[in-house]
Amino acid sequence: MTLSFMLLAAIAILGAAAAMNLKTAVHCVLALTLGMVGLAALYLQLGAQFVGLTQVLVYVGAVAILAVFAIMLTRSRTGETLAPGSVSSRLSGALTALLVFAVLAWAILTGVSPQPLSGAQPEASVREVGVALMQRFVLPLEIIGVLLTAALIGAGVLAIEEKGGDR
Amino acid sequence: MPEMIDQIFVLLKQWIMGYVPSGLQPLCSAILSVLPILVVFPLLFAITTVLERKGLGRMQNRYGPNRAGPWGILQPAADGIKSLTKEDIVPRSADHLVHLLAPILIVIASFLVYSVVPVGRNMVVVDLNAGVLFFFAIGSMVELAVFMAGWSSRSKYSLLGAMRAIAQMISYEMPMVLSGVVAIMAAGSLSTVTIVNMQAGYTGIWPHWYLFTPWGITGYILFMIAATAESNRCPFDMPEGESEIIAGYFIEYSGFKFALFFVAEYLGMMASSAMAITLFLGGWAAPFSFLTWIPSWFWFFAKLILMLMVFIWIRGTLPRLRMDQLMNFGWKFMLPLSLINIVSAGLWHYLPSGFTRWSVISLLLLLSCFLLSRNLRRNKWFQERTYRFAS
């Protein structure tokens with residue numbers, strides 16, 4: 001529990017909490033991004049450079065931009081305030097959060113690490129990640145690639161104008 | 001003696017570190033590494049602005065700034081003082097916090113990327129295992145800052161400018177990353193220092209830069225086009241098209257906040273050039289084997305200034321693109337060509353070295369370039385404009 005860990009964890013938690021409590025949709029997205037950056041910094045602190053930087057690349061560069069674009073394009077007025085959720089949706093949200101937390105806590109408390117934890121830091125360099133992706137996990141990687149291509153083509157098909165466009 | 005001059009800044013740092021108590025050494029080392037970047041690159045920015053205004057002026061048959069100091073070289077100082085003393089106006093309906101944070105975030109992101117750029121032998125702030133990934137990840141933060149600036153100003157023009165800028169940056173980020181991938185494949189590492197070291201060495205007098213391979217020069221040109229688009233410079237400067245949306249996402253900014261956006265734009269341009277130098281132009285290596293006695297940091301900055309001059313030259317030469325031309329070029333030409341380039345870099349690795357490899361890969365790239373550009377021309381659905389009363 002070093003000081004830097006405490007600070008980064010506080011940033012991540014504050015960002016996530018603010019994302020739920022702020023009134024304006026765009027503010028929520030920005031707060032969520034702050035939480036993601038805090039999480040990425042935690043990964044970096046653990047020495048997992050590839051995971052941490054990919055987290056920044058994906059969540060700040062892609063997901064946050066996607067979210068703000070979605071808000072811009074679907075809402076009639078920019079910066080529209082969000083209506084507070086109803087009691088039932090709050091209850092179900094709290095229940096879901098509690099269940100997820102219980103499962104995670106159970107897994108962490110009862111799970112046994114396959115190898116005994118040694119004092120040395122595990123080697124998770126980019127090279128290791130690449131070798132693992134290209135050799136052991138090549139089939140899942142290919143399947144994910146096909147899935148993403150299908151999603152991309154689907155999005156293109158949805159976006160094409162039905163009539164009048166000779167593009 | 002040449003080695004000493006080459007390493008003079010490293011030795012200087014070690015000399016200063018010798019006087020620092022051991023408890024403060026990590027902090028002091030970090031400060032001594034970061035401080036030169038915070039001094040040198042803004043200084044280079046000042047030089048670039050004066051170079052750009054003078055150069056563009058000459059290209060457009062006028063003098064450019066020539067009043068402040070001899071030949072106008074004090075112009076950046078005058079500009080800086082002007083923007084510092086100007087009134088800082090924030091629109092009444094603006095989102096004050098986000099409006100304040102946007103220029104800060106954009107400058108922080110622009111400075112952060114320099115931490116992985118090797119500016120000379122043993123001269124890099126951090127040699128990250130995933131340095132190139134760091135560059136692209138931090139680069140994507142700029143997009144968010146642009147959005148924050150455009151949205152928080154509560155102005156239609158700034159929002160339109162931000163939307164244009166983000167659409168353009170997303171479209172050109174992918175070709176930029178993919179064209180950089182070939183250098184990573186050839187070096188087998190994501191670390192910028194390793195990539196530069198892999199390009200060291202000479203055959204005769206010629207260096208082993210990735211630029212001098214068919215896939216290398218294709219990747220370099222694609223990277224530079226994408227970098228021009230990423231930094232919103234002419235001919236891709238539609239996000240700030242003066243005649244359409246006044247100034248784009250930073251219209252509502254004034255005084256020093258405006259200057260920060262200006263600084264960030266140039267820092268981004270220099271960072272992209274620095275990354276192109278690292279990936280394709282051999283980093284700090286000398287261009288000929290008989291010039292290695294000149295220090296490495298000199299070569300890095302010489303290459304950087306040369307590339308900035310090319311940026312200025314392009315700005316003075318090309319007109320602005322239209323939005324549909326921009327998107328078509330990005331998605332239908334740049335992206336497929338960078339993918340083909342990756343495949344050809346892989347083929348290059350497995351083909352036997354020699355003339356065959358050169359001709360096969362060059363032919364493949366030239367053919368795909370030709371076919372893609374023909375496809376681009378055929379796809380135009382805008383009719384030729386006719387002027388009824390003008391002939």
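1. In chain B, helix α2 (residues 8-17) and α3(B) have axes that come within 11 Å of each other and cross at roughly 150°. Because angles over 145 degrees count as roughly antiparallel, α2(B) is roughly antiparallel to α3(B). The hand of the crossing of α2(B) and α3(B) is right-handed. These values, like those below, come from a predicted model.

2. The residues behind this crossing can be listed. K13(B), I16(B) and M17(B) are the contributors from α2(B), and they meet Q25(B), C28(B), S29(B) and L32(B) in α3(B). By class, the contact of α2(B) with α3(B) has 4 nonpolar, 2 polar and 1 charged residues.

3. The contact of α7(B) with α9(B) draws on residues of both helices. On the α7(B) side, those taking part include Q168(B), M169(B), Y172(B), P175(B), M176(B), S179(B) and A183(B). On the α9(B) side, W215(B), G219(B), L222(B), F223(B), A226(B) and E230(B) are among them. The contact divides into 12 nonpolar, 5 polar and 2 charged residues.

4. Helix α9 of chain B covers residues 214-230, which is 17 residues. From its first C-alpha to its last, α9(B) reaches 24 Å, close to the 24 Å expected at 1.5 Å a residue. Of the 17 residues of α9(B), 15 are buried, so this helix is largely enclosed by the rest of the structure. Just after α9(B), N232(B) takes a positive phi of about 55°.

5. Two loop residues of chain B deserve a look at the backbone. Most residues other than glycine have a negative phi. N61(B) is not a glycine, yet has a positive phi of about 60°. Its place is the loop between α3 (25-59) and α4 (75-85) of chain B. N61(B) counts as exposed because it has 6 C-beta neighbours inside 10 Å.

6. R154(B), also not a glycine, has a positive phi of about 55°. R154(B) is found in the loop between α6 (131-152) and α7 (156-187) of chain B. With 17 other C-beta atoms within 10 Å, R154(B) is partly exposed.

7. Chain A contains 6 helices and 0 strands, so that the order of elements from the N terminus is α-α-α-α-α-α. Buried residues account for 16% of the 167 residues in chain A. Among contacts in chain A between residues at least 6 apart in sequence, 55% join residues at least 24 apart.

8. The contact between the chains takes 18 residues from chain A and 20 residues from chain B. On the side of chain A that touches chain B, the elements giving two or more residues are α2 (25-45) and α3 (49-74) of chain A. The largest share of this side, 10 residues, comes from α3(A). By class, the side of chain A that touches chain B has 11 nonpolar, 5 polar and 2 charged residues.

Definitions and conventions: Residues numbered from 1 in each chain as written. Chains lettered and ligands numbered in written order. Predicted model: local features only at pLDDT ≥ 70, side-chain atom pairs only at ≥ 80, totals over all residues. Contact = placed C-beta atoms within 7 Å. Helix = DSSP H or I, 4+ residues; strand = E, 2+ residues; numbered from the N terminus. Nonpolar A, V, L, I, M, F, W, Y, C, P; charged D, E, K, R; others polar. Buried ≥ 20, exposed ≤ 12 C-beta atoms within 10 Å, placed from the backbone. Axes fitted to C-alpha atoms, helices over the stretch in contact; angles between N-to-C directions. Parallel < 35°, antiparallel > 145°, perpendicular 65-115°, else oblique. Left-handed = near helix turned anticlockwise from the far one by under 90°. Expected span 1.5 Å × (residues − 1).
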